[in-house]
Amino acid sequence: MPLDLMYSYSISIRHLQLLIFHVLHLISFQWEEVSGYDDAMNPIRTYQVCNVRELNQNNWLRSDFIPRKDVLRVYVEMKFTVRDCNSIPNIPGSCKETFNLFYYESDSDSATATSPFWMENPYVKVDTIAPDESFSMLESGRVNTKVRSFGPLSKAGFYLAFQDLGACMSLISVRVFYKKCSTTIANFAVFPETATGAEATSLVIAPGTCVPNALEVSVPLKLYCNGDGEWMVPVGACTCMAGFEPAMKDTQCQACSPGTFKSKQGDSLCLPCPANSRASSGAASVCSCRNGYYRADTDSPDSPCTTVPSAPRSVISSVNETSLVLEWSEPRDLGGRDDVLYNVICKKCLPDRGMCSRCDDNVDISPRHLGLTQRRVFPLIHIFCGHTVKKKKPWFFKMVCLLLNYFGAI
């Protein structure tokens, strides 16, 4: 009598194995279905065979068709008990304490009672299964658990088959499963659920994609899934983009809260806005300057905002026979900057007209008139004042004219 198929989709302790079937639908020849109880007194149904007194046993038990579901390698867990041959009196020497596990691949559920033939080839032998412990007549059955695997599988599904060659045994349960690496996040990249490879030593490459609001910093993004369903060291990485910071143990990139910012892509956290700036919304990569404050073109986005310095103080000039020097003190308020530059503009003013205009091209400022860092310049003029040529100390008159011109005396 066939045993009903029971599905189980629970996850193993290591969260790596998806169980497909708990007990299989079995077609038996010389095996007997027996109802009983397990150690916890739960009702169970098992298949038993015990034709040890007859020679040349060849008893087969076959499962229902099992869809492969794109799995390359399958694992089979068997729970069974075996009677100690020495505990059975008056039996021939053909008594066995082992059985054989086979499988047969097919693209459809086409097996019958006579096909495929009950023999190795077309069935593929996986292994001879031997118990760790057998039991005698006076003992309760000692349950053995064995796990075997086989692959690579290529067809739509397969059958399992169990061959008895003369043992006294009970097959309690058969569980078929495959191993997988569960969906994971590493280096801010998501790697999908990946089944293990065809061999126990295979490494399967899983491509990764950056989590939302993250960008790649090294490629390609990949992670290897080994034969035990465990992820190996990831290759490549992503990091949170500007305006977002790591969160949830480095598995997410969350937006910077209002009043904070992050100017560059990377693993750093959001920071409070610099002085005199603000970010009224989230996910800010830069904080805008408040009214009346600015950033220079060379300032970085995480620099504080500054304002216009006050006017220079204590502008003084000194003149001797050959030179004129113009000096001043730094502003009382630098506006928050440490890179103040000075510009000197020459104007000529006519008191009788009450107006000033820019000096002509014949006036030079040494070392220059724009972008000064020092607070001293040397004005030079290349013509004499007016049209009268002074024969004595002409440069003296030249400098005096410039000085007077600077202060509006001419």
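Reply: The link of Cys 240 and Cys 253 is left-handed, with -85° about the S-S bond. In this predicted model, the sulfur atoms of Cys 240 and Cys 253 lie 2.1 Å apart and form a disulfide. Cys 240 belongs to strand E20 and Cys 253 to strand E22 (residues 252-255), so that the pair, 13 residues apart, links distant parts of the chain. Cys 240 and Cys 253 are both buried.

Three strands, in the order E17-E19-E20, make up an open sheet with antiparallel pairing. Its edge strands are E17 (204-207) and E20 (235-240), each of which pairs on one side only. On average, neighbouring strands of this sheet are turned by 30° against each other, direction ignored. Four bridges connect E17 with strand E19 (residues 214-225) in the antiparallel sense. Ile 205 stands opposite Tyr 224, a residue in E19.

The disulfide of Cys 240 and Cys 253 is one of nine that a search of the whole structure finds.

Cys 85 is joined to Cys 95 by a disulfide with an S to S distance of 2.0 Å. The link of Cys 85 and Cys 95 is left-handed, with -80° about the S-S bond. Cys 85 and Cys 95 are ten residues apart, and each is in the loop between strand E8 (74-82) and strand E9 (99-106). Are these cysteines buried or exposed? Cys 85 counts as buried because its relative accessibility is 12%, under the cut-off of 20%. Cys 95 counts as buried because its relative accessibility is 14%.

Cys 289 and Cys 305 also form a disulfide, with their sulfur atoms 2.0 Å apart. The torsion about the S-S bond of Cys 289 and Cys 305 is about -80°, and the disulfide is therefore left-handed. This pair links distant parts of the chain, 16 residues apart: Cys 289 is in strand E26 (residues 288-289), whereas Cys 305 is in the loop between E26 and strand E27 (313-319). Cys 289 is partly exposed because its relative accessible area is 21%, and the buried class requires a value under 20%. Cys 305 counts as buried, at 2% relative accessibility.

Key. Residues are numbered from 1 along each chain as its sequence is written. This is a predicted model: local features need pLDDT of at least 70, side-chain atom pairs count only at pLDDT 80 or more; totals for chains, interfaces and linings use all residues. Side-chain values use heavy atoms; hydrogens and water are left out. Two strands pair if DSSP finds at least two bridges between them. Helices (H or I, at least four residues) and strands (E, at least two) are DSSP runs, numbered from the N terminus. Axes are lines fitted to C-alpha atoms, for helices over the stretch in contact, and angles run from 0 to 180 degrees between N-to-C directions. A disulfide is a pair of cysteine sulfur atoms within 2.5 Å. Buried means under 20% relative accessible area, exposed over 50%, partly exposed in between (1.4 Å probe, protein chains only).
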